[in-house]
Amino acid sequence: MPQIGGFANCSGLKSSGLKNFRLSSAHAALLVIYWLLSMLDIQLLRSQPEQVTARLAARGYQFDAAQFAALEEDRKQLQTRTQDLQAKRNSLSKQVGVLKGKGEDASSVLAEVAGLGDELKANEAALTDLLARINAFVSIIPNLPHESVPVGASDVDNVEVRRWGTPRVLDFEEKDHVDLGAALGGLDFETACKISGARFAIMKGAMARLHRALAQFMLDVHTGEHGYTEVYTPYLVNAESMYGTGQLPKFEEDLFAVPKADGGKFYLIPTAEVPVTNMVRDEIVPLDKLPLKWVCHTPCFRSEAGSYGRDTRGMIRQHQFDKVELVQMVEPSQSWEAHEQLTRHAEVILERLELPYRRMALCTGDMGFSSAKTFDLEVWLPAQKTYREISSCSNFEAFQARRMQARLRNAQGKNELLHTLNGSGLAVGRTLVAVLENGQQADGSVVIPQALRPYMGGLEVLVPAL
RNA sequence: GGAAGCGUGGCAGAGUGGUUGAAUGCACCGGUCUUGAAAACCGGCAACGUCGUAAGGCGUUCGUGAGUUCGAAUCUCACCGCUUCCGCCA
């Protein structure tokens, strides 16, 4: 089993100064700038602003190159000046030590260094402030799309890459999973609404078991056949982790937060991507441990702010849903091959479950913030007579790794950022929906896919209660 | 919850105000020797940032942050984490 040196040591280390990302002190800001500067390579922003601007424009982000250049100009000047002053102070202080060591008078040197104090302090403060502004500017820039990503503005410009399976032609009026679930007596949204609110579900009996069976099945395939190591992680994480994978600082409103007694807060994970990917934060992974391949089954919590009115019926869009997540950390040269493999790993689940799907290459305008390229897998839902997203498989290249300072030691003994990838393999709730709707029969019963039957005690059909 | 202690480089472990970015050992890399390997010996070996075409210079970092000081791994305060003992609970 892969092990990463030292990550058991969870003592907070460099990160606790970043709490809530409020740059409350000079040093915190310096740390942010030194450790986490940008999700994009800052050198690239400096050396090729035109290309960066063009590529970001393709995904609908307006990069203000002129403002960045101005900030950089100021930064360069201030930083040089500050470091000169620091160097002077250091060397004079050393002289004091030498003189005192020899028992000589150091008062003239002391007077000289005292004169530096105010200017140095002012410069340091100004630099801290400027670096914080640059960081704020740069940390909300999304990743650059890979050159193979189709250019487009929204989901209508996504490109279908392949298609598997043929939707059944039903000779009866199809039901959606809500009606099927109600008739089967296993899906209950009303009671869930009473005890929690909208966008929650209760599953009972064989339905609950089917849900569990799906997760078990997925885990078994990924661990047994695809070479992933199962991992169990916290569901509550700190702000640094959310920052590392890119949910913060930009998307706080999508998250649920839990206050802590000390005034800080935990965030509920919106996906296992967050805890799993952050396992390598501030780590340097030896080459021979790569690739790291993790599979993780967790609940996911999303506020769904801004999606009022969308998918309000049924289990498609919930505040809480289960997902089996695939995560890989690989050498940079391997990440595109890994992206294809990881996507296949998710597709295999759909095929084993006999669910028709298609693979979509997301266009530049529809991709997530951190992604360099994303394939969505969409499963056929008979009741909606359309394909709906059930998995999203992304290569982030070094984007997340840069923020997390997740590195590998290469063959030359040098540290370099590794590449991170992840994908749903699959979203369990939506898979349940797909199994119900695709397996339905005229009498409202649902045929359980062969692959799941061992997990259902041999049960072949879900039958409506009379 | 009460008491005590600890947090230094990949690891172990020195270091209590002044060329200490940090002794020493292990690990690792290169070399000598050897038919080959081991051993022995010699040499090298932190990260990040920044300036520079480069060579290299400079800055920051000893759990995190704030302070004292001309100067902090070393002193003060707060916080985080870990260990041990007692209590409590399973």
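Ala257 stands opposite Tyr267 in strand S7, where strands are DSSP runs of E at least two residues long and helices are runs of H or I of at least four, numbered from the N terminus. This is a predicted model, in which local features need pLDDT of at least 70, side-chain atom pairs count only at pLDDT 80 or more, and totals for chains, interfaces and linings use all residues. Residues are numbered from 1 along each chain as its sequence is written.

S6 and S7 (residues 265-268) run antiparallel and are joined by three bridges; two strands pair if DSSP finds at least two bridges between them. The open sheet has three strands in the order S5-S7-S6, with antiparallel pairing. S5 (236-237) and S6 (257-259) are at the edges, each with a single partner strand, so one side of each lacks a neighbour in the sheet.

Now to the helices. The axes of H4 (residues 65-101) and H5 (residues 107-138) come within 8 Å and cross at roughly 150 degrees; axes are lines fitted to C-alpha atoms over the stretch in contact, with angles from 0 to 180 degrees between N-to-C directions. That makes H4 roughly antiparallel to H5, a term for angles over 145 degrees. The residues of this contact divide into 19 nonpolar, seven polar and 10 charged; Ala, Val, Leu, Ile, Met, Phe, Trp, Tyr, Cys and Pro count as nonpolar, Asp, Glu, Lys and Arg as charged, and the others, Gly among them, as polar.

Conventions
Chains are lettered from A and ligands numbered from 1 in the order in which they are written. Side-chain values use heavy atoms; hydrogens and water are left out. Angles under 35 degrees count as roughly parallel, over 145 as roughly antiparallel, 65 to 115 as roughly perpendicular and the rest as oblique.
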